[in-house]
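Let's take a walk through a protein structure together. Keep the picture open and follow along as you read.

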Amino acid sequence: MSTLTRVLFGGIDPHLPTIIFAIIAAAAFIRTIVLVTRMITAKKENRKPAKRVKIAACVSSVLVPVMTVLAFRFAPPVVPPPPPLSEFTIPDLTGLDYYECKAEYDGYLNLMGESMEYSSEYPEYTIIRQYPPSGKVTSRGAPEVRCVISKGPRMVTVPNVIGLDLEFAENYCKENFIVEIESEEYSDEYPAGIVISTSPERGEKFEYGGVIKFVVSKGSESDDPEKGAADNDD
């Protein structure tokens, strides 16, 4: 719509001015034909056409081209239809870095981080799942793809269970880890059934659900009757 049209006819249908001027032009054209016909009829009958008929015919004949020009002048511009968008197949982004994908597919995909989850399989900031899934064909420009992003493995601090009873230490650690008995060793410091050490060590950050191993005391070697009997045999 031109500036003049916006000033004179702002807020209405942009086609309305053209329609109004076209109707006036058509009416003036028909009026001109009627008046000219009356003038021809009067001449055939050897009558002088009335002066007002001549003036009306002149006015109508002038209105026709003027209104026609105005109709074209105020016509809204013809907007060509947008070119068809080529089809785009959504790729598989699983396991790829979210921020690298966002940069690489800029303009083709609108990547949105929907949520974040802990994952021992996918490193931090890689894509775990996507919606819609890969393989979906779309003709829309930059379709939205929502992603579930990995926070990496959940890390938990290994507690200090050294010096604790094995059963108590196992129950305490099973909330976050899988516990295995790595070995049993003699110890003059810790009685039998007490945890001597852990792997990984106390205070370290370790993956949630990972396996931690205990070394458990068998008590003092001198208190072992089997060991003592074997020494006597020697």
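This is a predicted model: local features need pLDDT of at least 70, side-chain atom pairs count only at pLDDT 80 or more; totals for chains, interfaces and linings use all residues.

Now look for the open sheet, which has three strands in the order β2-β5-β3, with mixed pairing. The two edge positions go to β2 (110–117) and β3 (127–131). Each of them has a single partner strand, so one side of each is left without a neighbour in the sheet. Going from one strand to the next, the twist averages 25°.

What does "mixed" look like here? Strands of a sheet pair through backbone hydrogen bonds, and they can do that either parallel or antiparallel. In this sheet, β2 and β5 run parallel and are joined by seven bridges. On the other hand, β3 and β5 (residues 144–150) run antiparallel, with four bridges between them.

Zoom in on I149 in β5 for a moment. I149 is the bridge partner of I127, and M116 stands opposite I149 too. As for β5 itself, five of its seven residues are buried, so the strand is largely enclosed by the rest of the structure. Buried, by the way, means under 20% relative accessible area.

Now for the helix. Helix α2 covers residues 16–44, and I20 is found in it. Is I20 buried or exposed, or something in between? Its relative accessibility is 39%, so I20 counts as partly exposed.

Note on methods
Residues are numbered from 1 along each chain as its sequence is written. Side-chain values use heavy atoms; hydrogens and water are left out. Buried means under 20% relative accessible area, exposed over 50%, partly exposed in between (1.4 Å probe, protein chains only). Two strands pair if DSSP finds at least two bridges between them. Axes are lines fitted to C-alpha atoms, for helices over the stretch in contact, and angles run from 0 to 180 degrees between N-to-C directions.
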